[in-house]
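This report describes one protein chain for a reader who is new to structural analysis. Please look at the sequence and the model before reading on.

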Amino acid sequence: RTYQWYSCLYGIMLFSSEIVYLFLMLCVMVFITDGDAGQTGQVGQALDSIITGGCWVLAWYYFTRREPRATLEEGRSLFNTGFFQVFETAKCFFVGGVFSDAGLSAFSSISVTYINEVLDFDSAQLGVLFLLVLFFSVPGSYFAYWLTERTNPITALKVQLVSWVIVNFVAFLVLTDPSKSTEAYIAGMFWGFLIGWYVPLVNLVFSMIIPSGQESELTGFFLYCSQILAWLPPLIFTLLNEADVNLKWGGIHLNIYFFIGLLLYQKMLPWEDCIRAAKTNHLRENRT
């Protein structure tokens, strides 16, 4: 339960910080750069460099060197041991994350392009839309906590992916011309809620199923899996655009990645077995 609450709290703080930053950039655009997108981007990059640079300095200072928690078995190397551990512990979760995270990572760039091209939004309208997305991410994170309390994290994650597929189908089929600006803002609310629902759940599942003593090395694989396929959805969206295919199908095609992730999460062990196996440092997914 503590894991669940801290995961929810992390999501709330993450999206709340993004809301503050986006609101700040909207103020810069309105009161300082007079709507100039180029100057607004330059100010945003400068602020981002200062803020994130300070965070990196703090991390470098406080994350001190630690002694290794495990030694390599005879005949193994650092190159192959990590991969072996991944496929011995939670392969369905990691591979499922490759696809579901690819869909989520590509969503922001694809949705911006779609809304610009199809709905003809200007920079101010886009800013308001994504402010709504971030605002509704906060209750989405809390809903993730509420649902995991009544089911379990992996079930809540599956329900979230089904919801993603449904919302994406409806949104991209409805948002077909500039007259649908109101519907776009409504879709942004649903998208934000789903993003806030997804992010803490994935982190929570990962933190609870990894075997004790392998946190640092498997965290690296977790981050790797979340990024390795992020290039594919934008590429397919671009190819569809160049082939004069209606862009709504480019947006809808993101459901493929969410659906594949759902199928792989479905093949994981029952949640209680995952927790029990993680505690014994020996998680084998025999059903796969």
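D120 is placed in the loop that joins α4 (91–119) to α5 (123–150). The structure is a predicted model, in which local features need pLDDT of at least 70 and side-chain atom pairs count only at pLDDT 80 or more, whereas totals for chains, interfaces and linings use all residues. Residues are numbered from 1 along each chain as its sequence is written, and side-chain values use heavy atoms, with hydrogens and water left out.

The table sets out the values for both residues; exposed means over 50% relative accessible area, buried under 20%, and partly exposed in between (1.4 Å probe, protein chains only).

| Residue | Phi | Relative accessible area |
|---|---|---|
| D120 | about 60° | 56% |
| D244 | near 60° | 71% |

The phi of D120 is positive although the residue is not a glycine. D244 likewise has a positive phi and is a residue other than glycine. D120 counts as exposed because its relative accessibility is 56%.

**The chain as a whole**

The chain contains 12 helices and 0 strands; helices (H or I, at least four residues) and strands (E, at least two) are DSSP runs, numbered from the N terminus. Of its 288 residues, 44% count as buried. The chain exposes about 15900 Å², and carbon and sulfur atoms supply 66% of this area, as computed by the Shrake-Rupley method with a 1.4 Å probe. Contact means heavy atoms within 4.5 Å. Among contacts between residues at least 6 apart in sequence, 80% join residues at least 24 apart.

Beyond its neighbours within four places in sequence, N168 is in contact with residues including F107, W191 and N255.

Two packed helices are described by the angle between their axes and the distance between the axes. For α6 and helix α7 (residues 181–209), the angle is about 160° and the axes are 10 Å apart. Axes are lines fitted to C-alpha atoms, for helices over the stretch in contact, and angles run from 0 to 180 degrees between N-to-C directions. The two helices α6 and α7 are therefore roughly antiparallel, a term for angles over 145 degrees.

Key:
Parallel < 35°, antiparallel > 145°, perpendicular 65-115°, else oblique.
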